[in-house]
Amino acid sequence: MDNKQQLNAFLDAVKPTQTFWALQDKKSEDWVVLDSLQFEETDVMPLWSSKALAEAHCVDEWADYIASEITLADWFEYWVDDLLADHVVIGINWGDESGDAEVDLAELTQSLTEIEAL
């Protein structure tokens with residue numbers, strides 16, 4: 001599956017719930033952000049379309065993390081500007097059978113506006 005197909009599958013899964021998931025440290029409340037696999041000197045924040053997909057990664061180096069829900073409304077209000085300022089790309093459903101797709105934050109955010117239920 002290419003990045004566009006993975007993004008579309010992610011959006012299809014997020015649309016009914018208007019939520020997606022990221023990993024957050026239980027103690028510090030920091031979020032998982034790591035080096036991009038595709039872009040040099042770029043950070044990537046992995047997001048998952050379901051709690052189960054996110055929780056599957058709460059092992060090994062992320063054993064102290066929990067799957068935390070992010071609503072679309074919160075994404076637009078609190079996340080986008082900070083992530084844009086930090087030049088972060090987004091990992092879509094990392095670790096599933098389709099690979100580790102990374103998409104531009106602006107592309108993801110535009111796509112999310114198209115599925116947001118107002």
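Does Trp75 count as buried or exposed at 0% relative accessibility? At that value Trp75 counts as buried, where buried means under 20% relative accessible area, exposed over 50% and partly exposed in between, with a 1.4 Å probe and protein chains only.

## Basis of the report

This is a predicted model, in which local features need pLDDT of at least 70 and side-chain atom pairs count only at pLDDT 80 or more, while totals for chains, interfaces and linings use all residues. Residues are numbered from 1 along each chain as its sequence is written, and side-chain values use heavy atoms, with hydrogens and water left out.

## Aromatic pairs

The structure holds 4 aromatic pairs. Rings of Phe, Tyr and Trp (for Trp, the six-membered ring) pair if their centres lie within 6.5 Å; planes under 30 degrees apart count as stacked, over 60 as edge-to-face and the rest as tilted. One of the pairs joins Phe10 and Phe20, whose ring centres are 5.9 Å apart and whose planes stand at 45°, so this pair is tilted. Because Phe10 belongs to helix α1 (residues 3-14) and Phe20 to strand β1 (residues 19-25), the pair ties together parts that are 10 residues apart in sequence. Helices (H or I, at least four residues) and strands (E, at least two) are DSSP runs, numbered from the N terminus. Phe10 and Phe20 are both buried.

Trp75 and Trp79 form a stacked pair, with 6.0 Å from centre to centre and 15° between the planes. These two residues are 4 residues apart in helix α3 (residues 72-85), and therefore separated by about one helical turn. Trp79 is buried as well, with a relative accessible area of 15%. One aromatic cluster is formed by Phe10, Phe20, Trp31, Trp75 and Trp79.

## Salt bridge

A salt bridge is a side-chain nitrogen of Lys or Arg within 4 Å of a carboxyl oxygen of Asp or Glu. By this rule the count is 1 salt bridge. The side chains of Glu55 and Lys51 meet in a salt bridge at 3.9 Å, N to O. Both residues lie in helix α2 (residues 51-55), 4 residues apart, or about one turn of the helix. Glu55 is partly exposed, with a relative accessible area of 40%, and Lys51 counts as partly exposed at 40% relative accessibility.

## Surroundings of Leu105

Leu105 is found in helix α4 (residues 105-115) and is buried, with a relative accessible area of 2%. Leaving aside neighbours within four places in sequence, Leu105 is in contact with Trp75, Val80, Leu83, Leu84, Val88 and Ile90, contact meaning heavy atoms within 4.5 Å.
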